[in-house]
Every structure is written in C-alpha cells, then in structure tokens.
Amino acid sequence: MSFGEPEGYDGDARPRPLGRRGVSQAAAAAVCLVLGLGLISGAVTGSWLVGGSGEEGSPSTFAAAGSLWHSVPVDELFPPTVQGRGAGPGGADRTWTRIAVAPDSGCKDAFDPLLRKALAPVGCERLLRATYTDATESYVTTVGLLFTTADAPGMTALANRFRRERLDRRSDLMPLPYAAKGTPAADFGAPQRASWTVSVLTEAPVVVYAVSGWADGRTVDDPQPAGDAVEADATTAAAQAGLGNEAQGLADRVERDFRRHVRSASEQPS
C-alpha cells in the first residue's frame, strides 16, 4: 500500500499537494531570513553607538577605546565649548565653557581614599580632567575620563558593583574637582562639591565622572548625587540651583563625544 502526498486547496478550491513550497514562497522566506539577520546585526552594532546596552563591546572596539587618551586631541575630548540643549532644569538649554585642563596624569592624589580604593580593581592607565563654567560663571564643573588597565570582564564587574551597592550615590565616594588658579574655579575644592555623577563603562576601559559646585567658593553641607538632584521633587540647595543638571548634563555630553571617537577609531582599517 502506498500513500500519496496530502492535498490541500488553492485559492480556486482546486486540490494541490501540501508539503511543497512554490519557488516564490522559498524566495520570500529567504528574503525574510536575510532581512531578519540584518536587523539583528544592526541592533547589535547600534547598541554601542547609542550607548544604551550596558553590555560589553567587541574586543577591537574595547582596545580602540583604551588608546584614545594619547591619540585624540584634548580639544576633541573636552571641547572648548559644550552645548547642552535641554540639559538644564525644566529642559532649559545650557552652554559650558572650558576654563582649565589638567595635565594628563596618573591617579595619585586624584581621588579621595575611599573612591581610590573602590576604583583600584580596574587600575589607572591615565586620567584626563577639565573644568567648565556655565554661561553666567555661577557654577563650575569638573569632568574626568579615567582610562583603566582592566579588561572587559573587569569593567563589567566594577559596573555591577557600583550598581548593586549604589556606590555612585555615596557622598564619601565623590570625585575631587580640578581647581585652576586665576579662573572661576580657583576656590573649587573638596568642601565645595555639591553634586556629582560616576559612570563605569563596560564597552570601554573608561570611567566617566563629573562634580559640580558654586563658583563663589561656598561650602556645601548636603551634597546630592546628580541622579537624585535632577528629580522634580528634589529640595536640596544643589538641586534647586540646578547643580545636578550641571554635573549630569556635562558628563553625558563628554561621554557621548567619547563614544563617537571610539566608533571612528574602531572603523579605521588596521
């Protein structure tokens, strides 16, 4: 006994075999497969470009990022002027002007002891810092790029610890500012720190941070992390003055520019 192929019916109610695909159906399936793979690969690539994944990048991208401290001019890492559209309280625009650049250096005496201890597992290859003021010269903000000696798993471990233990919220782990004589930041020392942010990247061996304060040298008794100070219901002096927005907005834009440089470096032929 033999069995024929099962039958179905076409659009005109005529019998047709099941189990066979027409040429057009096979072609359509192939096109869908190609498009699907393209969307997936595009999403993976895009996760680095927008910086929203929090996942490790490719080894070549990671390596390219770690060498940018000596290959990209300081005016590109820390532009003389930074525009912050919508970065201020209530979505107000901000403009920051660079007033000082610290000599590139190691990390000795660059952090308070507890923050230095927290960052120790990833090491210190180079530290770049610059200080900015707002358009009214009322506020000053130091932004830093710490290039570490860690590999991708090491950066991921540190990022997980910062997130799990909320280390970026602890006032005893605030970064130090960079004060320069003869500038509005001349009196910007440790007691003047008002708000701060620390971001441990996992796609690059880099920690991005910023710390803000008043330009008149006033001390601050209740500093507040930028993530809390930018909330609408925040009532600290730092929050009311918008110093959380100063730190967060400037750090975000420096980090965004840094990612663009990494993308450009990783796309260059070796």
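Reader: Which residues does Arg-170 touch, not counting residues up to four places away in sequence?

Author: Arg-170 touches Leu-114 and Trp-196 once residues up to four places away in sequence are set aside, where contact means heavy atoms within 4.5 Å. This is a predicted model, in which local features need pLDDT of at least 70 and side-chain atom pairs count only at pLDDT 80 or more, while totals for chains, interfaces and linings use all residues. Residues are numbered from 1 along each chain as its sequence is written, and side-chain values use heavy atoms, with hydrogens and water left out.

Reader: And where is Arg-170 found?

Author: Arg-170 is found in the loop between helix 5 and strand 7; helices (H or I, at least four residues) and strands (E, at least two) are DSSP runs, numbered from the N terminus. Its C-alpha atom is separated by 7.7 Å from that of Pro-225, although the two are 55 residues apart along the chain.

Reader: Is Arg-170 buried, partly exposed or exposed?

Author: Arg-170 is partly exposed, with a relative accessible area of 35%. Buried means under 20% relative accessible area, exposed over 50%, and partly exposed in between, with a 1.4 Å probe and protein chains only.

Reader: Stepping back, how many helices and strands does the chain have?

Author: The chain has eight helices and nine strands, and 42% of its 270 residues count as buried. Among contacts between residues at least 6 apart in sequence, 66% join residues at least 24 apart.

Reader: Then the largest nonpolar core: which of its residues touch the most other members?

Author: Phe-111, Leu-119 and Phe-162 touch the most other members of that core, which has 28 residues. A nonpolar core here is a set of buried Ala, Val, Leu, Ile, Met, Phe, Trp, Tyr and Cys residues joined through side-chain atoms within 4.5 Å.

Reader: How do helix 2 and helix 8 cross?

Author: The axes of helix 2 (residues 59-66) and helix 8 (residues 243-267) come within 9 Å and cross at roughly 120°. Axes are lines fitted to C-alpha atoms, for helices over the stretch in contact, and angles run from 0 to 180 degrees between N-to-C directions. The two helices are therefore oblique to each other, given that angles under 35 degrees count as roughly parallel, over 145 as roughly antiparallel, 65 to 115 as roughly perpendicular and the rest as oblique.

Reader: Which residues meet in that pair?

Author: Thr-61, Ala-64 and Ala-65 in helix 2 meet Phe-258, Val-262, Ala-265 and Ser-266 in helix 8.

Reader: Last topic, backbone angles: what is the phi of Asp-109?

Author: Asp-109 has a positive phi of about 65° although it is not a glycine. Most residues other than glycine have a negative phi. The place of Asp-109 is in the loop between strand 4 (94-101) and helix 4, and Asp-109 is exposed, with a relative accessible area of 62%.

Reader: And what about the phi of Glu-137?

Author: Glu-137 has a positive phi of about 60° and is not a glycine either. Its place is in the loop between strand 5 (126-134) and strand 6, and at 49% relative accessibility Glu-137 counts as partly exposed.
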